[in-house]
Amino acid sequence: MIIGRLLMRFLLVPLGGGVAICVATLFVMVAQWNRMSELTANDYSGLASFFVMVPVLAVGSGVMLWPATLGAVLAEIFAIRSWMYHASNGGLSAAVSLVSIGGFEKNYGLSNAPLIAVGAGIVAGFAYWLVAGWSAGFWKPVFAQPQAATPLPASAAIAPAAIAPPKAENEIAGDGRPKDGVAPLASDTAISDSTIR
């Protein structure tokens, strides 16, 4: 079972990473649509946009999401399946990449918009969660049956018959007559009779 899940994870995790890169690329293309149309204004056929800009953006998105690999490995080790974890992992990865490659200081083509890059990372992390993150962890089954609670041992359980009601004042004195309409128990009268004699 564990080996089968491990092999499944080796297929799903790269697939989820590829989907995350594609979604981040589409996010950047839509968010920077005016900038993209300026760069490809002379291309009437659209081939340059498809064969040049899309691969360049995909490689850029892949490089920016590279630190998210560490978060995905941690999610697999500890079986973290939260969508918030994976979305924040993608956003944090994009922010770390921007700082480390100097995207805030340098004014390259599409890296001058840090909010768009972090948004692309968040969307990519959510896309990764939809494909592979919701079932993270090769050792923990996804649809596990909840374990039944173990019953308490008989010595720890308190029997309801062992708890006696409080005695009235005249029963403690031993006259055996009930007070407030409550009849005494047979064991109480035996004890009170034996203590009187």
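**Stop one: the pocket**

Sort the lining of the largest pocket by residue type and you get 15 nonpolar, eight polar and two charged residues. Keep in mind as you click around that this is a predicted model. The space in this largest pocket comes to about 550 Å³, and 25 residues line it. To put yourself in the middle, select Val13, Ala68, Thr69, Ala72 and Tyr128, the lining residues that lie nearest the centre.

Now colour by helix. Which elements give two or more residues to the lining of the largest pocket? They are H1, H4 (68–78), H5 and H6. H1 provides the largest share, with eight residues.

**Stop two: Arg9**

Stay with H1, which runs over residues 2–31, and pick Arg9 in it. Buried or exposed, would you say, for Arg9? It's buried: the relative accessibility of Arg9 is 4%, and the cut-off for buried is under 20%. Next, show the side chain of Ser135, because the Arg9 side chain makes a polar contact with it at 2.7 Å.

Move to the loop between H4 and H5 and select Ala79. Check its backbone: phi of Ala79 is near 55°, a positive value in a residue that isn't glycine. Ala79 is also buried, at 9% relative accessibility.

**Stop four: the aromatics**

Finish with the rings. There are two aromatic pairs in the count. For one of them, select Trp83 and Phe126: the ring centres sit 6.1 Å apart with the planes at 85°, so this pair is edge-to-face. The pair ties together distant parts of the chain, with Trp83 in H5 (residues 83–101) and Phe126 in H6 (residues 114–131), 43 residues apart.

How exposed are the two partners? Trp83 is partly exposed, with a relative accessible area of 44%, and Phe126 is partly exposed too, at 34% relative accessibility.

Notes: Residues numbered from 1 in each chain as written. Predicted model: local features only at pLDDT ≥ 70, side-chain atom pairs only at ≥ 80, totals over all residues. Heavy atoms only, no water. Helix = DSSP H or I, 4+ residues; strand = E, 2+ residues; numbered from the N terminus. Buried < 20%, exposed > 50% of the residue type's maximum accessible area, 1.4 Å probe, protein only. Polar contact = N/O pair within 3.5 Å; in protein donor to acceptor, adjacent residues only side chain to side chain. Phe/Tyr/Trp six-rings, centres within 6.5 Å; stacked < 30°, edge-to-face > 60°. 1 Å grid on protein atoms, 1.4 Å probe; cavity = no way out; pocket = protein on both sides within 12 Å on 5 of 7 lines; lining within 4 Å. Points joined across faces, edges and corners; volume = space filled by probe spheres on them. Nonpolar A, V, L, I, M, F, W, Y, C, P; charged D, E, K, R; others polar.
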